[in-house]
Amino acid sequence: MSTQAIYDAIMEFEDDDVVEAVKEAIEAGVDPQIILNEGLIGAMDEVGRLFSIGDLYVPEMLMAANAMKAGMQVIKPYLKGDDGGKGLVVIGTVEGDLHDIGKNLVSMMMESAGFEVIDLGIDVPADKFIETAKTNNAGIICLSALLTTTMTTMGETVDAIKKSGLGVKTMVGGAPVTEEFAKEIGADGFAEDAGEAVVFARNLLAS
Amino acid sequence: MAVLLPLRFRILHLMSTKDTGVTSAEIMQELGSDYGKEKQFKKKAMEGHLISMRALGLIEVETVNIDDYDIVLPDNRPVVITGSSAPNIIDPKTGEDRRATSSDIANIANLINELDGFDVFSISTLAQDAPKGQISVSRFYPALKNCKKPVRSNTPTIKDLEDVLELGAIIAGGKEAYKERPFINHHYCPVVSPLTMDVDSTDAVIYLTEKGLPVYGTIVPNAGMTSPMTMTGTLVLGNAEFLALSTLIQLIRPGAPMIYAVLSTVADLRTGNYAPGAVETGMLQMAHSQMARFYGVPSGGYIGLTNSQINDAQCGYETGINTTGALLAGSDMFNMGGLLGSLMAFDYSKAVIDNEIALMLKRMKRGMEFSEENLCLDLIHEVGPGGTYLDLKHTQKNMRKMAFYPKVATREMRKKWEASRSTAEERAFEQVNKIFENSVQKTFPAEIDEKIRSNFPGLVKGDMVW
């Protein structure tokens with residue numbers, strides 16, 4: 001029994017088929033770690049490749065991530081230790097800003113790359129970011145802003161996180177946010193898009 | 001007496017207009033609109049007001065600075081406005097993209113004074129040098145100090161809004177005088193599609209509506225992301241959101257002037273990027289304009305934006321196609337001047353070219369000026385076959401008012417053009433430099449300026465620096 005059926009079901013964005021294929025593989029005695037790496041993450045790597053060359057569009061990437069997540073729910077109890085061990089990320093849109101599409105995209109991509117993500121949603125005050133990161137021992141806090149007028153709040157939030165004394169790293173993103181701005185406000189990282197955010201987060205936690 | 005032939009193109013069949021209206025009303029009645037998750041519009045409050053919207057026949061009285069610059073909708077349509085609130089500017093000296101400052105706002109205001117195509121100055125950029133707590137006054141002060149035209153923009157908080165209103169009152173000589181003739185037009189994006197209302201922006205709209213000051217909102221559904229991936233689905237949703245905002249405003253102050261401003265776009269789903277320059281943006285604006293006419297409300301908003309990062313051919317065709325479509329469909333107001341890269345950076349040469357596009361749109365709106373005299377039957381008879389019209393008094397009498405003579409577009413023959421080999425962007429920059437060579441900064445009387453500066457200690461200088 002291979003993991004091909006799981007891989008194929010993700011490539012076809014069929015949540016139910018992924019769940020069924022993962023269950024069948026478990027029953028057939030396939031090593032859960034192989035189901036995860038070759039089936040679920042293997043398919044998401046291919047999705048990422050196809051997206052980067054422009055063959056897949058954003059909705060397809062999201063649907064694949066959802067299908068992968070459905071499979072993850074089934075396999076999770078069978079995995080030893082943590083769920084891939086890539087680190088915990090707290091993410092949210094800064095206070096005063098209600099926009100969340102970009103943030104959701106980053107959140108989903110990080111989850112499908114094996115990060116554990118706590119998504120605090122929109123309009124998140126600085127202390128909520130800090131409190132959640134502290135309680136869950138997060139490695140990274142990701143801040144999002146769409147409005148040019150809420151970018152200043154982003155700076156204040158990064159400041160507050162630094163002052164809190166937590167060892168957590170900060171990453172920022174959103175349409176008006178640039179690498180230069182990220183440096184200006186003292187954030188540890190900046191990503192242009194969701195794919196870049198995942199790569200950056202991996203590097204940030206490895207450093 | 002010339003009769004103006006209306007240039008109007010319908011993108012929606014009459015029945016589709018009604019269907020869209022009815023479907024939007026159904027969406028609002030069934031779903032309501034989520035205002036900060038807690039203050040949901042109640043179904044009861046929606047009924048009646050949705051119906052009365054059509055009969056209001058609303059007229060928006062825009063802002064006023066100086067008599068010559070009074071703008072009234074729909075009388076002065078099409079009204080052309082600069083694009084607003086870009087964080088960056090393309091530095092006019094180095095060509096580099098950098099954060100914009102309050103001096104840039106003062107400079108841009110002086111440029112806009114000289115560009116006849118623009119009727120209202122929506123503050124083009126943010127001001128990075130704003131002192132703490134003065135983000136908004138650091139934008140409005142240089143704009144009002146330097147610009148002769150009405151000023152428009154937004155504020156992030158009620159405190160900022162109150163500061164801006166205080167600034168207006170000092171300039172006008174008191175709160176009542178300002179209210180009598182408000183020269184600031186406030187604009188917000190109170191709706192976060194789908195069907196949600198942003199708390200701070202909605203609070204600002206409520207605050208200004210209660211005070212009877214000019215305010216309107218732009219609604220921005222993004223097909224494939226925040227609205228359905230069909231043109232009509234996005235039209236229906238954006239229309240429903242306009243009805244939600246209208247209902248709120250009309251509940252607060254029945255008869256309050258409205259502008260139907262919806263910037264529906266289609267997301268580029270290859271990347272998820274925002275695509276205001278897409279041709280579908282223009283098509284949706286045309287359809288929304290038709291819906292606005294159905295309700296009897298002036299229409300328009302952000303149309304003619306570009307995704308291009310430099311002032312190139314893409315800039316020209318994205319702005320040109322979408323504004324022309326909107327004009328032909330009857331849009332009254334165009335927020336279109338000077339911004340690159342989906343509203344991220346102001347560019348001087350783009351503003352000059354947009355000014356030329358604005359003047360061309362206004363010429364197109366003027367139409368054919370049909371009259372018996374203008375048919376020139378006698379003249380055609382007189383000149384006869386093979387004659388010339390070049391040396392006639394009739395030609396001389398009409399030539400300056402009939403045609404629009406562009407300053408940026410070249411009509412030179414190849415040989416002459418080769419002497420400079422200039423591009424449209426370079427010719428636009430020549431115009432910018434010429435304007436600043438002769439520019440004399442407009443400013444407030446000394447006592448008003450002193451009063452402003454003592455009210456807002458540490459405020460930016462707000463002067464032109466070129």
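This is a predicted model: local features need pLDDT of at least 70, side-chain atom pairs count only at pLDDT 80 or more; totals for chains, interfaces and linings use all residues.
View 1. An automatic or database assignment divides chain A into domain 1, residues 4-78, and domain 2, residues 88-206. Their C-alpha centres are 26 Å apart. Eight residues of domain 1 of chain A and five residues of domain 2 of chain A make up the contact.

**View 2. What is buried between the domains of chain A.** Together, domain 1 and domain 2 of chain A bury about 720 Å², and 77% of that area is on carbon and sulfur atoms. On the domain 1 side, have a look at A:Met61, A:Leu62 and A:Lys69: these residues lose the most area to domain 2, together 47% of what that side buries.

**View 3. A salt bridge between the domains of chain A.** The count between domain 1 and domain 2 of chain A is one salt bridge. A:Lys69 pairs here with A:Glu111, and the closest N and O atoms are 2.9 Å apart.

**View 4. Helix α4 at the domain contact.** Helix α4 of chain A, residues 58-75, supplies seven residues, the largest share of the domain 1 side that touches domain 2 of chain A. Sorted by class, that side of domain 1 has six nonpolar residues, one polar residue and one charged residue.

**View 5. Chain A meets chain B.** Here 19 residues of chain A are in contact with 21 residues of chain B. The two chains bury about 1,600 Å² between them, with 66% of it on carbon and sulfur atoms. In chain A, the residues that lose the most area to chain B are A:Leu98, A:Ile101 and A:Thr148, together 31% of what that side buries.

**View 6**

View 7. Three elements of chain A, namely α4, α7 (151-163) and α8 (179-184), each give two or more residues to the side that touches chain B. Of these, α7 of chain A gives the most, with three residues. The residues on this side of chain A divide into 11 nonpolar, six polar and two charged.

Notes: Residues are numbered from 1 along each chain as its sequence is written. Chains are lettered from A and ligands numbered from 1 in the order in which they are written. Side-chain values use heavy atoms; hydrogens and water are left out. Contact means heavy atoms within 4.5 Å. Buried area is the accessible area (1.4 Å probe) that two parts lose on being put together, summed over both. A salt bridge is a side-chain nitrogen of Lys or Arg within 4 Å of a carboxyl oxygen of Asp or Glu. Helices (H or I, at least four residues) and strands (E, at least two) are DSSP runs, numbered from the N terminus. Ala, Val, Leu, Ile, Met, Phe, Trp, Tyr, Cys and Pro count as nonpolar, Asp, Glu, Lys and Arg as charged, and the others, Gly among them, as polar.
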